[in-house]
Amino acid sequence: MFSYRHAFHAGNHADVLKHAVLLAILQYVCQKEAGVFYIDTHAGAGMYALNRAEAQKNREFESGIGRLWSQNDLPPQLQAYMTLIRELNPDGVLRRYPGSPCFAEKILRSQDRLRLFELHSTENRILSENVARMAAHAAANGQKSSGRGKRVMIEKRDGFAALKGLLPPPSRRAVVLIDPPYEDRQDYRHVTAMLADAVKRFAGGIYMVWYPIVQRPEARRFPEQLKRLPVKEWLEVTLTVSKPAANGFGLYGSGLFIINPPWKLREDLEEMMPGLLSLLKQDASAHYDMSTGQGKLPVKNRDDD
Ligand code: SAM
């Protein structure tokens, strides 16, 4: 069940898209003073060493973050993302790539809360160590306390089951990242069931689902299932970097489905995606798509009532 380790994939094209958009969303929500709950249902290890055996096996980061690392004229929407990664690699050599909890920890403020779920024992332990390291670093620099405790909580629990207990959050402001491995085909069903329940409990949250573009039938049906959720607004962005491999295996793109996207996100992605595509494309079939829409709301929740 637990064969997935994100360390093999850290910094690949899908991570670049996911983390650049996550960072943009977190920056938007931090423009308001009120505290935000950041919930990461599948948090991973928090930080990845790109010189270790896992990352070196297929060197997926080379066709992801590796393509952005040496660029000086990135689209402005990617500047904050790159700045954060450069800060983690201060000697100018790309050795470390942050996971979603690290991006969130860097951007979120003392009034915000991070709730991180990671079920894999080793990943959970490494995540705890990484959060402790960030706390020590922040303390040494006189910055906000980021250690475990009230502000950051890490639990070794099933993120699919845990979400309902946190909604609605006390501040009525939440960003939820849902990023399961999808190696188990049941993950697709679990995401839609969890979201259907979550939006009933807290319709106003920002929910971002990452999903793979692969040849599996469940993956191909998934975006349409997400679009049938009873939500007010959604934004979907996909980045396909190549045509599928001849053997039908492998990740050749990824998508993000965002419920209640911040209002300026679409405009920013329209400016960012052409540049990101040209940086990450692997063959002539590479392309991106973006669409927005409204879900099928129960009649009582519609604006026109
Ligand atoms: N969100 C991370 C990031 O962007 O850096 C990457 C997460 S990785 C794609 C998925 C993680 O989910 C793996 O570390 C895996 O161990 C963990 N996982 C798998 N099933 C889980 C579950 N039911 N609840 C919580 N974590 C789970």
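Reply: Let's start with one term: two residues count as in contact when their C-beta atoms, placed from the backbone, lie within 7 Å. This is a predicted model, in which local features need pLDDT of at least 70 and side-chain atom pairs count only at pLDDT 80 or more, while totals for chains, interfaces and linings use all residues. Residues are numbered from 1 along each chain as its sequence is written.

Me: How many helices and strands does the protein chain have?

Reply: The protein chain has 10 helices and 10 strands, where helices (H or I, at least four residues) and strands (E, at least two) are DSSP runs numbered from the N terminus. Along the principal axes, the C-alpha atoms of the protein chain fill a box of roughly 60 × 50 × 40 Å.

Me: How do I read a pair of helices, and at what angle do the axes of helix 1 and helix 10 cross?

Reply: Two packed helices are described by the angle between their axes and the distance between the axes. Here, the axes of helix 1 (residues 13-29) and helix 10 (residues 265-280) come within 12 Å and cross at roughly 155 degrees. Axes are lines fitted to C-alpha atoms, for helices over the stretch in contact, with angles from 0 to 180 degrees between N-to-C directions. Helix 1 and helix 10 are therefore roughly antiparallel (over 145 degrees; under 35 is roughly parallel, 65 to 115 roughly perpendicular, the rest oblique).

Me: Which residues of helix 1 and helix 10 meet?

Reply: From helix 1, His13, Val16, Leu17, Ala24, Ile25 and Tyr28 meet Leu265, Asp268, Leu276 and Leu280 of helix 10. This contact of helix 1 with helix 10 has 8 nonpolar, 1 polar and 1 charged residues (Ala, Val, Leu, Ile, Met, Phe, Trp, Tyr, Cys and Pro are nonpolar, Asp, Glu, Lys and Arg charged, and the others, Gly among them, polar).

Me: Are helix 1 and helix 5 roughly parallel or roughly antiparallel?

Reply: The axes of helix 1 and helix 5 (residues 100-107) come within 10 Å and cross at roughly 25 degrees, and therefore helix 1 and helix 5 are roughly parallel. His19, Leu22, Leu23, Leu26 and Gln27 of helix 1 make the contact with Ser100, Phe103, Ala104 and Ile107 of helix 5. The residues of this contact of helix 1 with helix 5 are 6 nonpolar, 3 polar and no charged.

Me: How many residues surround the ligand?

Reply: The ligand is surrounded by 20 residues, the closest being His42, Gly44, Gly99, Ser100 and His120 (near means a C-beta atom, placed from the backbone, within 6 Å). The shell around the ligand holds 7 nonpolar, 7 polar and 6 charged residues.

Me: Where does Pro168 lie?

Reply: Pro168 sits in the loop between helix 7 (159-162) and strand 6 (174-178). A cis peptide bond, with omega about -5 degrees, joins Leu167 and Pro168.
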